[in-house]
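Please work through each task before reading its solution.

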Amino acid sequence: MAGHSKWAKIKRDKASNDAKRGTVFTKLGNQIAIAARQGTDPSTNTSLALAIETARSFNMPQSTIDRAVKRVADKSAEALEEIVYEAYAHGGVALLIQCATNNRKRTYPEIKASLSKYGGSIADVGSVIFNFQHLGEIIVTDLDDDQMLQFLELGVEDISEIDNRTYSLLCPVKDFHRLVEAIKDQNIQIEHAGLTYKPKTTLEIDDLLKLKLNKLLAVLEDLPDSLNIYTNLADG
């Protein structure tokens, strides 16, 4: 399954130093603040419940989550919006660059300049995202065969092992929160839970292009407004 490199990044972020973790928490807090505009009760606001679940999977303190939710009353939080930019990188690799911003006039030029500097380019709206599925992803450890079968019956669409006894469970977005609760009820450890974009088809490139692509991805990930970067690069 494409996405193993993203799981590696998730693990690095979770194990990062305090300075890096502060950046990660800021980005997660922005996601929570955006979702909270539709209502501050996660039991009636699925988007907020998903954002909080993701933050908890990174061990964000509850007090920090609560502050992010309360930002909905702040004018600066109200101005935040979520945008997905579509782009191409070296070798025709497709990129989805998910951002949270309060100023499109700042974010777009930063994204465009980073792409241009490292061999990428902004794509026309709709020309990239059609090749991705928007799904819920729950990453867990130590599933047995009976549990796998049970979760497939509950609505999980795909289960794949991404490293030693760590599994990715993909499901429709509408079923994500319900399945997270079902997994918790089984006392199964959730390593990460959130929404993802899975490519419908993948692309292979040579090692030199991969090195160039990794430089571009690192720059994009470090931009203050970026949240997640998704590609159609094949694993391996």
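The model is predicted: local features need pLDDT of at least 70, side-chain atom pairs count only at pLDDT 80 or more, and totals for chains, interfaces and linings use all residues. Residues are numbered from 1 along each chain as its sequence is written, and side-chain values use heavy atoms, with hydrogens and water left out.

**Exercise 1.** Determine how burial applies to Y85 and to Y108, and describe the pair that they form.

*Solution.* Step 1: Y85 has a relative accessible area of 10% and is therefore buried (buried means under 20% relative accessible area, exposed over 50%, partly exposed in between, with a 1.4 Å probe and protein chains only). Y108, at 33% relative accessibility, counts as partly exposed.

Step 1: A search of the whole structure finds 2 aromatic pairs (rings of Phe, Tyr and Trp, the last by its six-membered ring, pair if their centres lie within 6.5 Å; planes under 30 degrees apart count as stacked, over 60 as edge-to-face and the rest as tilted). Y85 and Y108 form a tilted aromatic pair, with 5.9 Å from centre to centre and 50° between the planes.

Step 2: Y85 belongs to strand 1 (residues 81–88) and Y108 to helix 6 (residues 104–117), so the pair ties together parts that are 23 residues apart in sequence. Helices (H or I, at least four residues) and strands (E, at least two) are DSSP runs, numbered from the N terminus.

**Exercise 2.** Classify the aromatic pair of Y197 and Y230, and locate its two residues.

*Solution.* Step 1: The centres of Y197 and Y230 are 5.3 Å apart and their planes are at 65°, which makes the pair edge-to-face.

Step 1: Y197 lies in strand 7 (residues 190–199), while Y230 lies in strand 8 (residues 226–231), so the pair ties together parts that are 33 residues apart in sequence. Both Y197 and Y230 are buried.

**Exercise 3.** Which residues of helix 4 are buried?

*Solution.* Step 1: In helix 4 (residues 62–70), the buried residues are T64, I65, A68 and V69.

Step 1: Seen down the axis, these buried residues fall within an arc of 140°, so they line one face of helix 4 (the arc is that of the directions from the helix axis to the C-beta atoms).

Step 2: The face of helix 4 turned away from its buried side carries the exposed residues R67 and K70.

**Exercise 4.** Identify how strand 4 pairs with strand 7 and with strand 6.

*Solution.* Step 1: Strand 4 and strand 7 pair in the antiparallel sense over 9 bridges (two strands pair if DSSP finds at least two bridges between them). Here Q133 stands opposite K198 in strand 7.

Step 1: Strand 4 also runs antiparallel to strand 6 (residues 166–172), joined by 7 bridges. The bridge partner of G136 in strand 6 is C171.

Step 2: Strand 4 (residues 132–141) is mostly covered, with 8 of its 10 residues buried.
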